[in-house]
Every structure is written in C-alpha cells, then in structure tokens.
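Please look over the model shown here.

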Amino acid sequence: IDPMADERLKEAVEMAFLASGERERVRDLLESRLREHGWQFLVKQLCKECINNRGIEQLSFEEIYTDVRAEARAKVPDEVKRELLAIISNFVRKELQIDEM
Amino acid sequence: MRLIEPLLLGLAVFAEIVLSGRDFYKILGVSRNANANQIKKAYRKLAKELHPDKHHGDDSAHEKFQDLGAAYETLSDKEKRAIYDRSGEEGVNKMGNGGGGHDPFSSFFGDFFGGGGGERDERVPRGADVVVDLWVSLEELYSGHFVEVKRKKAVYKAASGTRQCNCRHEMRTEQMGMGRFQMYQVKVCDECPNVKLAQETRTLEVEVESGAEDGDEQVFVGEGEPHVDGEPGDLKFRVRTQKHPRFERKGDDLYTNVTVSLQDALVGFSMEIDHLDGHKVQIVREKVTWPGARIKKKEEGMPSKEDSNTKGSLFIIFDVQFPKGEISQIQKDAIMEILQQQDVNPVIYNGYRPNYKYDALLSHLVFPSDPTRTFKKRAFQLCADCDEDESSAKGTGVLISVCLSCPTFHCLTHLLPHLRDAKHAFALSLETGYIYCLRCGDFVYDRLMEVTRMEALNKLRSNLGLSVLSSWNPSDEDLSRLARSKSSDGAVIRPRSINYTGPVRGLVNMGNTCFMNCILQSLLHSPSLRDFFLSHHHRCNNVPPTSCLVCEMQNAFQFFYNANNRHSFVPHTMLHTVWTRSSLTGYSQHDAHEFFITAIEMLHKDSRSEEAFKSPTLNHASRDCKCIIDQLFTGQLQSDLFCLSCGNISTKVDPCWDISLNLPQGERELSLERCLEGYVCSEVLDSSFPCSRCRSEGLQKQLSFLKTPVICVLHLKRFEHDTHLRKKMTTRVTFAEKLDMSPYTTSCRKQPKLFDGKNGSAAHINRRSFEYTLFAVVQHEGSLDSGHYTAFVRSNNTWYLCDDERIRTVPVEKVRELSRRRM
C-alpha cells in the first residue's frame with residue numbers, strides 16, 4: 001500500500017484538468033452561468049456599495065475584496081454549484097477510468 | 001444736417017443729469033473702452049443665453065434680448081457708438097437711422113436662424129453646400145477670434161422676360177385606333193420670371209469660439225451655391241487647426257516638450273513657458289528630472305467649449321541634453337565621487353519588443369503554452385505566511401501572488417506586509433497576471449501592460465482551442481469625444497434618449513414577402529430582443545458566417561434602429577438566408593406563423609452552435625440552452641394525464657414556443673381568454689390512449705403552463721382544414737391590451753406548488769407576474785390563396801400600422817376594436 005499513491009493520482013488528475021484546457025473551459029462556463037444568474041451584477045452592486053462607504057480615494061483591491069467576499073460567495077446560486085460540481089466529477093471519473101484501464 | 005445734430009444734442013446732454021436711455025455698455029457687460037472684438041464676443045455670448053427661443057413666455061427675457069440687440073447695434077457701429085458716448089441713446093435715436101434692424105446681425109446669425117428654423121422641405125430644390133476649411137492657429141483657438149471673410153457669390157437677380165423652369169418629362173399615351181396605344185415622352189415646363197446671375201460680394205464674420213475643435217462647423221444658411229429654381233445651399237466653415245511649433249493639442253489638454261541641461265536635470269531648476277495668450281507658466285523642479293519625466297499643470301490646457309472657465313491640463317515632457325565633448329579625468333573622478341554608482345551593473349534586455357519582461361513572466365507562470373510546466377510551479381503554492389494555498393478545501397480567500405524580487409508566494413493579505421518588510425517593489429498574481437505595486441498598495445493597471453497580458457492570455461486560449469477574448473479599447477477619436485463631453489454633474493457621457501421615439505420604419509415587399517415583413521416588424525419592436533441585438537451579444541462562430549440568421553437579425557436591428565436613416569429598408573439578405581435554409585422558398589405566399597416558427601428554430605440553432613463552441617461540456621438538452629430565443633420565447637407546457645380509474649397521474653413537460661389556439665366552431669365572437677381556457681381545459685381522451693398503469697380507458701388530459709415565456713406568442717388558427725374545403729374562420733376574437741396568464745399556469749391549476757424559477761435569484765430580473773402587455777398584432781386579410789398581411793406594432797405607447805413599407809400611426813382604440821383575424 002503506497003501512501004503516496006493517492007497523492008500522485010490527485011496530482012495527475014489535476015494536471016490533466018489543466019493541460020487539456022478543461023479548467024479554462026469550466027472557468028468560462030462558470031463565468032457565463034454566474035452572469036446569467038445575475039451574480040455578476042450583484043457583486044458589482046456590492047462593490048459599488050463598498051466604494052461609497054469607503055470612498056474611492058486610496059481604496060485598494062484588497063479592501064474591496066475583504067468587504068465583498070463573504071456575501072458574494074454566499075450568493076452563488078446552488079444551481080451553478082451543482083452544475084459545476086457535476087461537470088468536474090464527470091471529468092474526474094472519466095480520467096480515473098482511463099487511468100485504471 | 002448731420003453736423004448740426006450733434007451740436008444740438010450736445011446742448012441737450014448738459015441739461016440732463018442722468019442719461020435717460022439705457023446703459024449699453026452695462027447691458028453688454030463691457031468696459032467703455034472695449035474694442036470692437038470684445039463687444040462682438042460679449043454680444044454673441046449674451047445673445048445665445050438670452051435668445052427668446054430659450055425663454056418661452058418670459059417677457060422680461062424678451063425685453064432683455066431687445067435691449068441687447070439695441071446695445072449691440074449701437075456699439076458695433078463706429079459712428080453710432082461715438083454719438084452714444086456723447087449723447088446717450090436719445091442721440092442715437094435722433095439720428096434717424098432706424099430700420100436696418102437685422103443687417104448687422106445677418107452676417108452673424110446665419111447659423112442661429114438656420115439652425116432653429118425648422119426642417120427643410122425635401123421637395124424644394126437646393127443649391128449645393130459650400131464647405132470651406134478655415135485654418136486657425138492654436139492661439140486663436142485659445143482666446144477666440146473673429147475672422148472676416150469676403151465672399152463673392154453669384155446671385156440670381158430679376159431680369160426681364162420669362163424663362164422655363166421646373167422642367168420635367170412626362171409620359172403621354174395616345175390611342176392609335178384599333179386598340180393600339182403609343183407612349184411617348186413629353187417635356188413639360190412651367191413659366192417663371194426670368195433671372196440672371198450677378199456677382200455679389202459680402203463680408204461675413206466667422207467666429208472661432210475659444211475651445212473650438214478641429215472639425216467644428218459654422219453654418220451660414222443660404223450663402224452657398226444658388227439654385228435657379230429653388231433655394232441656395234449653405235456655406236459651412238470648418239475649423240482646421242494649424243500645427244503649432246511648441247504645443248500639441250489633444251482634446252482639452254496641451255502637450256509640450258522641454259529639453260533641459262544635465263545639470264538642471266540633476267540639481268533642479270525653475271523656468272517659464274510662454275502660453276498661447278502670452279501669459280507665463282511657472283515651472284519649478286527641485287528633484288531629479290529624468291528623460292521622459294512628465295509634469296501636469298492643471299488649468300493650463302485649452303478651454304473647454306462649454307465652460308470657458310475650466311480648462312484642460314498642460315503636460316510637459318522633459319528631455320535631458322547631455323554635455324558633448326570631452327570630460328577630463330579630474331571631472332570624471334569628481335563625478336564618480338558624487339554619484340557612487342560603481343556597483344551598478346548594466347542591464348541588458350530586449351527593448352525592441354515592448355514589455356518583453358512582462359511577457360516572459362506571463363508566458364511562463366500565468367498563461368503557459370505548456371500547462372504541465374506551470375502546474376508544477378503553481379499547484380500547491382502555499383502562502384509563505386499562512387497555510388492557505390490555492391487548493392485549500394476551506395477556500396479561505398487565496399489569490400496567490402509571487403514576489404518578483406525574492407521568489408516567495410503570498411496570499412493577498414500577506415502580500416503587502418512582505419513587500420514592505422523586504423522592501424520589494426512588485427509582485428505578480430499567478431491566476432490573473434496583474435502586477436501588484438508596493439507604493440500603490442494595490443494591483444495596477446496600465447494600458448500597454450494590459451495589451452501584453454491579453455495577448456498572453458489569448459495565446460493560451462487559442463492553444464487550448466478556446467475562443468479568444470477581445471477587449472474594447474477606445475480609439476483616439478472616442479477619447480477626444482469623451483474628453484469633450486463632460487457634463488456639469490461630472491458624468492462623462494451624456495445619455496442619449498433612452499427610449500427610442502423615432503417613427504417606425506417600413507419594410508419593402510420583395511414579392512409576396514408581407515408574411516415575413518409582419519413577423520419581422522413584430523420582432524423588431526420587442527424591447528428584450530432589441531436590447532439583446534443592439535448590444536452585440538452575438539459572437540458568431542457559425543460556418544459559413546454569412547448564413548447565420550442571428551447575424552442577419554442583428555444586422556437588421558442595427559440597421560433599423562439607426563437614427564440617421566428613416567427610410568424603408570429591404571431585408572433581402574435575411575430573405576435569402578431563410579430561403580436557402582428552409583422550405584419557405586419561392587415567391588408564393590407563405591404562412592406567417594410558419595415563418596415565425598422556422599425563424600425561431602433557425603435562430604435557436606444558430607445560437608446553440610455558439611453555445612457549443614463556448615463550452616463543449618454543456619449538456620444540450622433544450623432545457624439547458626440559454627440562448628436568447630430560449631430565454632425569451634420558450635415556455636414549458638405541462639401535460640397531465642389523469643386516470644379516473646386508478647388515479648395515476650403521468651406528467652410530461654414539453655417546451656413550447658408559441659400557443660396555437662383553436663377557435664371553437666359555431667361561435668361568432670369570443671374573447672381571447674376564453675380561447676385560452678379552451679386550450680387548457682381538460683379533455684377526455686378516447687380509447688386509443690389507455691392508462692399506462694391500469695390499462696383502462698378514459699384518460700383525462702389537461703394542459704397547463706409550467707413556465708410562461710417572457711414573450712408570449714398566440715396564434716389563432718383560422719384556417720380550418722375541412723374535408724374538401726379549406727375555409728377561413730371569421731370568428732371575432734376580442735382581446736385587451738393586457739393579458740393575465742396566471743389562470744392557465746400549472747401553479748394555479750393544481751395545488752399550490754412553490755414555483756421557483758428565475759424569480760428570486762437576482763434583484764435585477766423583474767419579478768415575473770403573469771400579466772402580459774400587448775406589443776404587436778399580425779393580421780391577415782383576404783382568403784386562403786390570396787391575402788395580405790399587415791402588422792400593428794407598438795413603439796413606446798404609440799401604435800403603428802405597418803403595411804410593408806407604409807407606416808401609419810393609429811390610435812390605440814383602433815387596435816382594440818380590430819376585428820382580429822390574427823394568424
């Protein structure tokens with residue numbers, strides 16, 4: 001029993017995920033799904049609110065990020081999460097099958 | 001007599017203590033010894049503000065304007081001004097030089113009245129317009145200037161006798177007997193008084209406003225080429241900027257270059273720059289000035305056109321001149337002693353390609369051509385200070401960046417502290433490629449860097465077979481326009497009318513294409529479709545792109561809503577596309593509904609192929625498709641089958657794009673709501689459909705709308721296919737402008753089922769109630785074989801009748817009372 005086998009497998013799958021371009025495709029899909037569900041708009045509103053509260057002068061990306069992050073993450077629609085998860089697990093399953101063969 | 005008058009008036013002045021007339025200088029707001037130019041400028045400015053067209057019904061404004069006119073009339077004329085100075089307004093009046101009220105103005109006012117003077121009648125022939133480039137210097141543009149232009153033009157003057165005018169050719173037909181006709185052309189002319197051309201010289205004054213832009217035009221109405229039968233054209237002066245030896249203008253900003261000596265560059269200096277109107281701009285530098293250094297002097301640019309009190313900025317770019325000739329060894333030693341740069345090594349790099357370093361970083365770390373290499377570097381990068389790494393299951397805010405001075409990795413929170421402590425200036429974000437700057441304490445954005453970044457990103461994407469991202473960058477023209485259009489509340493772009501209120505345009509019939517025209521008109525007036533197509537959402541990936549119906553639609557929308565063009569247009573390319581890809585070919589009449597369905601399907605198919613290109617992992621069941629057609633037109637129809645015997649309910653949901661309503665026979669008139677009722681009411685199926693569970697007969701089928709589409713298309717089936725005859729039903733169906741679909745939806749017909757959907761997820765999507773508002777009606781007149789389609793469309797609360805290329809407004813009542821035979 002090789003304790004590192006799992007680790008290596010995980011690495012291999014992640015590598016395939018990246019190399020095949022699947023990661024970028026999934027990222028594109030995520031972006032368009034979030035936009036369709038109005039999430040992007042919502043986050044934009046949150047950012048604007050943050051800017052109004054803090055003032056645009058001397059405001060850094062980090063400050064907006066820390067303000068907005070929690071709520072933005074919470075507002076990601078479950079539908080989108082499910083879909084993404086399905087796609088990724090599909091991919092992993094396919095990769096593992098090919099490997100084990 | 002003239003000589004005597006002033007003397008008499010002179011006596012009168014002594015008698016008066018206070019001038020009984022108006023103070024013209026005060027009215028114009030100029031000093032008593034203002035020169036002619038200043039007076040003109042003052043008058044021009046005030047005339048614009050006080051023009052009666054701007055103050056309707058305000059009598060005091062009218063009076064002020066008249067005062068202004070009188071003031072200018074007096075003060076612009078040398079003689080009159082002299083008299084006024086001596087004896088006031090009365091003196092001027094007594095001069096008896098009345099009348100002539102408009103002559104001093106007309107050389108000026110061409111554009112005033114011409115601009116406000118209403119539309120030119122298309123039918124009156126006009127002479128040609130003359131456009132003259134007026135070259136002005138920056139100084140003139142800075143302070144404003146008046147240019148006198150002598151124009152020699154030909155004018156039609158009355159002469160004796162008559163001439164022929166308005167000549168045209170007409171066709172006459174003559175009967176030759178025996179049923180034969182001959183057509184021939186005849187030249188028919190009117191008679192009008194004779195005119196002849198004479199030369200006239202006029203002096204015009206062109207005002208160059210301060211802050212005017214290259215390309216600004218001043219129009220003198222009627223001063224262009226004359227036309228023998230009609231009105232003369234216009235004379236337009238176009239401002240052209242001469243090149244200036246010291247300054248360059250960009251929008252409201254000015255740019256200049258200054259070369260200083262090496263000594264000044266190192267030790268600091270102070271200097272003056274002569275500005276365009278002669279005033280001096282002070283520049284003081286205490287710190288080191290390097291070649292390419294820029295400083296900005298606010299309010300020293302060009303005045304803006306609207307508000308001559310605000311100006312743009314003056315940018316000064318420095319260059320350093322190095323001493324030529326020999327430097328003695330003693331001097332060299334002294335310099336080395338001062339500068340102490342013995343340990344600084346030369347940096348060798350490729351300066352030919354801009355941003356080579358940045359590009360190298362990006363292609364290795366962030367957007368690599370060989371993903372496996374970067375993966376080894378990127379994966380499991382832990383922040384040096386916290387144990388957060390990119391693939392942390394908790395996902396507690398990562399954004400790992402690498403410090404560019406010492407190769408350590410940091411998450412966002414720890415990045416700035418590290419840079420500060422280690423005094424390292426920059427870091428690179430591994431996911432996005434943006435540069436983080438210590439001094440700014442933030443990611444920075446630079447246009448040139450962004451170009452490099454996008455190039456690297458797109459290289460990766462095209463290697464992976466993904467679509468390439470494009471970003472829009474404003475062109476120089478856009479930038480100058482943006483710079484100019486600053487409005488008073490700080491907004492950069494003035495909004496144009498948000499609601500399109502122009503008249504609807506007609507569509508030319510290309511041979512029995514009225515069916516297409518009507519559907520097209522209806523689609524063109526749907527606000528959601530319009531918003532989609534006018535915002536260029538469609539990126540065409542179809543092969544060949546010329547037969548993509550979505551592209552055709554987009555072109556149609558763009559063309560149709562082009563405010564510059566009001567004529568009817570010919571949708572021939574769209575017709576061709578539909579012809580080549582469907583069965584709706586030929587010149588015969590087709591069914592509008594059939595066309596609608598075909599068009600919808602084609603648009604859906606063409607949109608879907610774009611979706612497929614974007615993300616091949618997407619499941620293409622039609623329920624998941626998010627193309628614009630599905631978003632707007634697709635509803636879901638639920639069909640429930642109740643079995644009365646065993647109680648089994650089998651449900652099936654199908655997508656639907658329109659609702660075809662049968663018209664029950666035997667009724668003369670009924671409402672649309674009743675038709676819909678009939679559509680969704682329960683129907684007992686006959687024995688050919690037994691229950692799947694208990695096999696008994698007598699299933700009850702009920703339709704309901706699980707999801708109603710955003711745009712609801714109702715089709716009244718008027719053509720009845722009887723055994724031998726096909727006749728058109730003339731049942732009158734009444735409808736109102738609002739339709740409530742809630743009684744026909746699943747949620748109302750069955751137990752209250754919580755109807756989720758797109759309703760609550762995001763604030764900006766309108767809460768979809770089930771109330772629909774009518775915006776188009778397509779009507780068919782005539783019989784089955786030969787008939788004509790017309791459409792009624794609504795554009796912002798005005799209804800129009802579209803009969804191919806003929807558009808007429810109709811009052812809303814007429815739409816309501818239509819004996820509707822909608823197909």
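## A buried helix

Helix H15 of chain B covers residues 514-524. Its buried residues are B:Cys514, B:Phe515, B:Met516, B:Asn517, B:Cys518, B:Ile519, B:Leu520, B:Gln521, B:Ser522, B:Leu523 and B:Leu524. Buried means under 20% relative accessible area; exposed means over 50%, and partly exposed lies in between (1.4 Å probe, protein chains only). Because 11 of the 11 residues are buried, H15(B) is largely enclosed by the rest of the structure. Helices (H or I, at least four residues) and strands (E, at least two) are DSSP runs, numbered from the N terminus.

This is a predicted model, where local features need pLDDT of at least 70, side-chain atom pairs count only at pLDDT 80 or more, and totals for chains, interfaces and linings use all residues. Residues are numbered from 1 along each chain as its sequence is written, chains are lettered from A and ligands numbered from 1 in the order written, and side-chain values use heavy atoms, without hydrogens and water.

## Helix H3 of chain B

H3(B) runs over residues 36-50 and has 15 residues. From first C-alpha to last it reaches 21 Å, close to the 21 Å expected at 1.5 Å a residue. The expected span is 1.5 Å times one less than the number of residues. Among the buried residues of H3(B) are B:Ile39, B:Tyr43, B:Leu46 and B:Leu50. An α-helix has 3.6 residues a turn, so residues three or four places apart point the same way.

## A strand hairpin

In chain B, strand S2 (residues 145-175) and strand S3 (residues 181-208) pair in the antiparallel sense over 26 bridges. Two strands pair if DSSP finds at least two bridges between them. B:Thr162 has B:Pro193 in S3(B) as its bridge partner. S2(B) and S3(B) form a hairpin, with five residues between them. In the turn, B:Gly177 has a positive phi of about 80°.

## Chain A

Chain A has five helices and zero strands. Along the sequence its pattern is α-α-α-α-α. Of its 101 residues, 34% are buried.

## Between two domains

Where does the second largest pocket lie? Domain 2 (130-241) and domain 3 (247-324) of chain B both give residues to its lining, so the pocket lies between them. The domain bounds come from an automatic or database domain assignment.
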